[in-house]
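Me: Here is a model I would like to talk through with you. Could you take my questions one at a time?

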Amino acid sequence: MPADALKAAQGVDKNRQWTRLMELAEIGAIPGGGVNRQSLSTEDRQARALLVKWALARGFEPSVDDFGNLYVRRAGLNPDAPPILTGSHLDSQPSGGRFDGAYGVMAALEVLEALSDAGVETEHPVDLVVWTNEEGSRFAPGAMGSMVFTGVASPQLWLDVMDDEGIALSQALAETLEAMPELPRRSFGFPVHAYIEAHIEQGPILEAEQLPIGVVTSIQGARWFTVTVEGETAHAGTTPLKLRKDALQEALAAIQALNAFMNDPEDVLRFTVGRLDLEPNSHNSVSALCRFTIDLRHPDPAVLRAKGDAIETICAKAMRACAVQVTQNLGLPCVAFPEAIVDTVQASAQALGLGHKRMPSGAFHDASFLAQHCPSGMVFVPCAKGVSHNVAEYATPEDVAGGTRVLTASIVALSGA
Ligand code: GLV
Ligand code: MN
Ligand code: MN
Ligand code: MN
């Protein structure tokens, strides 16, 4: 570990980072201590503006690309060298916590400041990045910004996606970009030397094992589907069961059959039906339409492929009088981070005297896509009881500072101080 890496890590200011995290959490604050700061919303724009204010106050250089991914550069000694990227997302779940995403962004800002405070110059520039719409709860799917950046998808694919209020992504994006008119524009897919993302674990392992650092080795793959069951609405009091085309009942039969098929005695596979929409959604009417979502995850690409590919047939078999349509709207690869990056993160934790373990990520992250573009890795910190996507999400000031020190040291080690 270069001496400058440890010197820079000592520049991490626990109180500054914590104060900022808490100030950020006031934007979109909801009862219970959480946040509702969904992608490209007014609150998302306010959070971006606050970040830009903090960046400019310190002389760093903000910029933005056409999909709203926001960057903040701390210049390197070699202006032509590709940057090291570090960051995460500022959008949240509708009843999300204060740390998911926001921690990785505040950790990145703290890295830039720690480098400046410690007087450490890096060969490569270091760019903070905020990826647009990682959560996918307002505009599905998630990880749009990192998919667009890495060329996995073109922005046109999603411009017409609507939120529940009928607002198109194109409009919300235009409003977000209009709110940052003075920022220079970056292009997608510029060369990146390495990408490292800090994040809360979103699971219970580090806390249970009393380890402050997770050295992330891989991210399991995921597939998202939408299943639409179409029947016919009818009067609840008069229509005999055998004459009904009840979309909800047949969707429930499909979900039951899927649950049986997805049952994994080893509890590795993750199958979740997280959303169910009904039409007309009325107390005394048979459902004409039931649409539900499937989030399927597994670390083995062959299992993920086979299980996901069977969904359509299982749903079709469960239908009695209704029609069913299954569409996939997200496919996240199973990712293994390069050993060199994993080793660097581990060596940083070691050099800083922080207990750690190598572990896979059950949640997906923008790093899932960046890993296809440049050498990538992640640092996890513990979160209370493993709770995330929940207003009760919590990580201690000490743990978030520890993760940021590891992130800082890793970045200096990778960017050649
Ligand atoms: C990311 O938010 C995920 O669902 O894993
Ligand atoms: Mn996240
Ligand atoms: Mn999340
Ligand atoms: Mn996420």
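Predicted model: local features only at pLDDT ≥ 70, side-chain atom pairs only at ≥ 80, totals over all residues.

Me: Over residues 219–318, how far apart are the end C-alpha atoms?
Reply: Residues are numbered from 1 along each chain as its sequence is written, while chains are lettered from A and ligands numbered from 1 in the order in which they are written. Residues 219–318 are 33% helix and 28% strand, where helices (H or I, at least four residues) and strands (E, at least two) are DSSP runs numbered from the N terminus. The end C-alpha atoms of that stretch are apart by 32 Å.

Me: Which feature does UniProt place at residues 219–318?
Reply: The name comes from an unreviewed UniProt entry. UniProt positions are given in the numbering used here, feature names are shortened, and annotations may be inferred rather than shown by experiment. The record's label for residues 219–318 is "domain: Peptidase M20 dimerisation".

Me: Is Pro 301 buried or exposed?
Reply: Pro 301 sits in helix H9 (residues 301–309) and touches Gly 221 and Cys 334, not counting residues up to four places away in sequence. A residue is buried if 20 or more other C-beta atoms, placed from the backbone, lie within 10 Å of its own, exposed if 12 or fewer, and partly exposed in between. Because Pro 301 has 12 C-beta neighbours inside 10 Å, it counts as exposed.

Me: Which residues surround ligand 1?
Reply: A residue is near a molecule if its C-beta atom, placed from the backbone, lies within 6 Å of it. The residues that surround ligand 1 are Glu 135, Gly 142, Ala 363 and Phe 364.

Me: What percentage of the protein chain counts as buried?
Reply: The protein chain has 13 helices and 17 strands, and its C-alpha atoms fill a box of roughly 80 × 50 × 40 Å along the principal axes. Of its 417 residues, the buried share is 50%.

Technical notes. Contact = placed C-beta atoms within 7 Å.
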